[in-house]
Amino acid sequence: MKVVKFGGSSLASGPAVENALNIITAESERQVVVTSAPGKRFDSDIKVTDLLIKYAHEVNHGRDGSAIAEQIFQRYVEIGQYFHLPIEDLLPLKDILLGLPKQTYPNKNYLLAAFKAHGERLNAKLIAKILQSQGVKARYVDPKDAGIIVTGTPNNASVSPESYQLLDNFSYEADEKLIFPGFYGYTLAGHIATFSRGGSDITGAILARGFHADLYENFTDVDAIFSANPKVVDDPQPIHTMTYREMRELSYAGFSVFHDEALIPAIQGQIPINVKNTRHPEKRGTMIVPEKGFKPETIITGIASGKHFGALYLHKYLLNKEVGFTLRILRILNKYKLSYEHMPTGIDDLTIIFDRDTLNDELIDELCNDIQTEISPDHLDWISDYAIIMLVGEGMRDRIGVMRDIALPVAREGISLRMVNQGASEISIMLGTEAKDADRAVAAIYDYFFKQGE
């Protein structure tokens with residue numbers, strides 16, 4: 001059995017959905033299908049999920065959102081009419097949309113989660129109906145009926161381990177297509193809660209593990225995962241095969257093709273993942289596989305970068321002699337419910353790297369004031385333009401001279417490295433630079449490792 005998931009761009013219009021349906025029906029093994037909400041049809045278009053967020057915002061502020069609901073409904077009408085579905089078959093979707101404000105929610109966060117989830121929910125219902133109209137034995141399956149139970153916050157939920165036992169007991173016929181909406185599950189109290197944005201990847205991985213799939217196919221709008229961002233490097237090499245941990249490291253640093261959290265259920269179930277292009281399903285795409293038995297073909301598999309970081313640098317003499325120093329800092333971070341990304345240290349120095357998107361100027365000031373009061377550092381500085389570059393490759397393990405080969409092209413570009421950190425697994429090296437230098441550093445490293453000898 002295969003689980004297949006389609007991204008928003010792959011389901012954005014009638015012709016796009018037609019491509020997806022051809023893929024679904026091309027192989028009988030493609031039995032479990034996960035839908036996203038319709039994405040953009042063109043650059044200036046608005047994703048259905050964003051329209052639903054706008055709809056929720058209007059309702060949360062006591063305003064009439066029916067005009068936005070109609071705009072959302074028309075996206076599904078456009079797809080349905082492409083397949084000649086009668087309007088009577090589509091009107092139930094409108095009823096569901098208009099009924100959302102009438103539901104009872106524990107708070108505004110749960111309301112937002114429920115509204116957002118309906119992009120996927122309505123699309124799954126629509127695609128099941130289209131398949132049925134074509135004579136395909138298809139069934140819409142709600143996450144509640146399948147047993148996808150989640151915990152955590154309403155808009156950043158995590159799957160409960162109990163879900164896998166419930167999925168294992170879910171009954172279905174060998175010749176039917178099961179159409180699941182991605183992105184959400186249900187709390188034990190019966191409320192909808194969504195995974196983080198892009199969470200349909202997570203649903204696909206949960207189902208792949210729960211149904212013991214042979215393969216999880218993730219269809220998107222690119223031919224493969226590339227060794228670097230095509231917006232930074234011209235015509236980067238496609239990655240044909242990579243390991244779970246390589247993908248997770250690269251996803252964290254900026255590879256956005258596949259959701260990093262979606263790897264966890266796949267790893268737990270040891271389910272290989274194939275990232276492919278909906279428009280070119282004949283191409284091999286990228287396989288993401290377990291580490292066991294993997295033989296790397298290159299030293300570096302991929303290079304990723306992110307410019308959305310900030311860093312708090314502090315210097316204090318005899319820092320290494322103070323017992324409980326780091327604990328005191330962590331207590332301050334906990335006070336503000338802040339997580340940090342990395343904390344490289346020296347004898348008298350410590351740098352805390354944050355995702356800048358989780359902070360604002362007021363919070364930064366309060367954090368710095370508390371650390372100044374509690375820790376009394378000799379020097380404290382906030383660095384707002386921090387970039388992280390991640391170089392990942394199973395081929396780096398036990399290889400002598402890799403750090404030299406990375407530093408050489410960076411030095412030739414005249415770029416200063418603020419931080420260098422190698423993971424204990426030896427398959428990743430992290431560099432810190434000024435944000436303005438990140439793209440040049442990535443391009444220089446890529447050319448050194450991938451273009452030499454061309």
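Q: Which domains does the domain assignment give for the protein chain?
A: Domain 1 covers 2-221 and domain 2 covers 302-450. The bounds come from an automatic or database domain assignment. This is a predicted model: local features need pLDDT of at least 70, side-chain atom pairs count only at pLDDT 80 or more, and totals for chains, interfaces and linings use all residues. Residues are numbered from 1 along each chain as its sequence is written, and side-chain values use heavy atoms, with hydrogens and water left out.

Q: What separates the centres of domain 1 and domain 2?
A: 38 Å, taken over C-alpha atoms.

Q: Switching to the sheet. What's the strand order?
A: β3-β6-β2-β1-β9-β13-β14-β12. It is an open sheet of eight strands with mixed pairing. Strands here are DSSP runs of E, at least two residues; helices are runs of H or I, at least four residues; both are numbered from the N terminus. Two strands pair if DSSP finds at least two bridges between them.

Q: Which strands stand at the edges?
A: β3 (138-140) and β12 (241-243). Each has a single partner strand, so one side of each lacks a neighbour in the sheet. From one strand to the next, the twist averages 20 degrees.

Q: And how do β1 and β2 pair, parallel or antiparallel?
A: Parallel, over four bridges, with β2 spanning residues 30-35. Lysine 2 stands opposite arginine 30 in β2.

Q: Which helix packs on that sheet?
A: Helix α1, residues 14-26. Helix α1 touches β1, β2, β6 (177-181) and β9 (215-220). Its direction makes about 155 degrees with that of β2. Axes are lines fitted to C-alpha atoms, for helices over the stretch in contact, and angles run from 0 to 180 degrees between N-to-C directions.

Q: Back to lysine 2. Buried or exposed?
A: Lysine 2 is buried, at a relative accessible area of 16%. Buried means under 20%, exposed over 50%, partly exposed in between (1.4 Å probe, protein chains only). Lysine 2 sits in strand β1, residues 2-6.

Q: What does lysine 2 touch?
A: Not counting residues up to four places away in sequence, Glu27, Glu29, Arg30, Gln31, Val32, Leu215 and Glu217. Contact means heavy atoms within 4.5 Å.

Q: Where is alanine 193?
A: In strand β8, residues 192-194. Alanine 193 is buried, with a relative accessible area of 1%. Its contacts beyond four places in sequence include Ala113, Val150 and Phe183.

Q: What separates the C-alpha atoms of alanine 193 and histidine 315?
A: 43 Å, with the two residues 122 apart along the chain.
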